[in-house]
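Here is a brief report on one protein model.

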Amino acid sequence: MKKALLSTILLCLATLTLTAQTTPETYPAGPETTFVMQLKVTLGQAYTVGDTPQGRRTVIPITGGTFEGPLLKGTILNGGADYQLADGQRSTLEAIYSIKTDDGVYIHIRNRGIIFQGPDENGQQSFYFKAAPQFEAPKDSRYAWLNNALFICSPDFSTQFQGIVLNVWKIK
């Protein structure tokens, strides 16, 4: 009786272990996103500091531009910059700049990301460019919601705009 009970328990545990293994059909769904804005950023003349201990440092001045989305619209202020470090096929970026909404609210942005051109996880040549902007909006403004979420952005290369176009989504 004890052997039969022990065998049944072991069989149940083995079955649970097999069914609990994750398969592609049971992977959790990814997070949802909602479109926040498109930034059209004008750029100044880039310059290179040169090869540093961290990599090849390039600075690209941000000279202005515009942004627009369902809940906000305005201008990108002159005076920011995109600071990039390149090491072979990979560059890291950190763009620091401010925007001003059409109703006069200033919002600071720090956008960190990766640019990579080379083989992907399947060994295929690919181009990857994504960044994660962080917003600092006045906490007593109608834009305070920007302080309390994570965002992702990706460039849009399909436009004739002279500069860089970034589409931004909020991760729900």
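Start with Gly-65, which sits in strand β3. The model is a predicted one. Leaving out residues up to four places away in sequence, Gly-65 touches Lys-40, Thr-42, Thr-75 and Ile-76.

Pro-70 belongs to the loop between β3 and β4. Is Pro-70 buried or exposed? Pro-70 is exposed, because a relative accessible area of 62% is over the 50% cut-off. Pro-70 and Gln-38 are 32 residues apart along the chain, with 9.9 Å between their C-alpha atoms. Beyond neighbours within four places in sequence, Pro-70 is in contact with Phe-35 and Val-36.

Ala-95 is part of strand β6. Ala-95 counts as buried, because 7% relative accessibility is under 20%. Which residues does Ala-95 touch, not counting those up to four places away in sequence? They are Ile-62, Ala-81, Asp-82, Ile-109, Arg-110 and Asn-111. The C-alpha atoms of Ala-95 and Gln-84 are 8.3 Å apart, and the two residues are 11 apart in sequence.

Ile-107 is in strand β7, which covers residues 106-119. With a relative accessible area of 0%, Ile-107 is buried. The contacts of Ile-107, again without residues up to four places away in sequence, include Tyr-97, Ser-98, Ile-99 and Thr-101. Phe-135, Glu-136, Ala-137, Tyr-143 and Leu-146 also touch Ile-107. Ala-137 is 30 residues from Ile-107 along the chain, yet the C-alpha atoms of the pair are separated by 4.7 Å.

The table collects the C-alpha pairs.

| Residue pair | Separation in sequence | C-alpha separation |
|---|---|---|
| Pro-70 and Gln-38 | 32 residues | 9.9 Å |
| Ala-95 and Gln-84 | 11 residues | 8.3 Å |
| Ile-107 and Ala-137 | 30 residues | 4.7 Å |

**Pockets**

The largest pocket has a volume of about 200 Å³. Its lining holds 15 residues. Asp-82, Ala-95, Phe-129, Ile-164 and Leu-166 lie nearest the centre of this pocket. Two or more lining residues come from each of β1 (33-43), β3 (55-68), β5 (80-87), β6 (90-101), β8 (125-136) and β10 (164-171). Which element gives the most to the lining of the largest pocket? β6 does, with three residues. By residue type, the lining of the largest pocket has 12 nonpolar, two polar and one charged. Ala-95, the buried residue described above, is thus both in β6 and among the residues nearest the centre of the largest pocket.

The second largest pocket has a volume of about 160 Å³. It is lined by 13 residues. Those nearest its centre are Ala-132, Pro-133, Gln-134, Leu-150 and Phe-151. β8 and β9 (150-155) each supply at least two residues of this lining. β8 has the largest share, six residues. The lining of the second largest pocket divides into 10 nonpolar, two polar and one charged.

**The whole chain**

How many helices and strands does the protein have? There is one helix, and there are 10 strands. The order along the sequence is α-β-β-β-β-β-β-β-β-β-β. Of the 172 residues in the protein, 29% are buried. Take the contacts between residues at least 6 apart in sequence: 45% of them join residues at least 24 apart. The protein exposes about 11400 Å², and carbon and sulfur atoms supply 55% of that area.

**Confidence**

The average pLDDT of the protein is 89, and 86% of the residues score at least 70. Among the elements, strand β4 (residues 73-76) has the highest mean pLDDT, 98. Helix α1 (residues 2-20) has the lowest, 50. The pLDDT is below 50 over residues 13-19. Beyond near neighbours in sequence, that stretch makes zero contacts in the model. Where pLDDT is low, the predicted coordinates should not be read in detail.

How values were computed: Residues numbered from 1 in each chain as written. Predicted model: local features only at pLDDT ≥ 70, side-chain atom pairs only at ≥ 80, totals over all residues. Heavy atoms only, no water. 1 Å grid on protein atoms, 1.4 Å probe; cavity = no way out; pocket = protein on both sides within 12 Å on 5 of 7 lines; lining within 4 Å. Points joined across faces, edges and corners; volume = space filled by probe spheres on them. Helix = DSSP H or I, 4+ residues; strand = E, 2+ residues; numbered from the N terminus. Nonpolar A, V, L, I, M, F, W, Y, C, P; charged D, E, K, R; others polar. Buried < 20%, exposed > 50% of the residue type's maximum accessible area, 1.4 Å probe, protein only. Contact = heavy atoms within 4.5 Å. Areas by Shrake-Rupley, 256 points an atom, 1.4 Å probe, with all protein chains shown as cover. pLDDT = per-residue confidence, 0-100.
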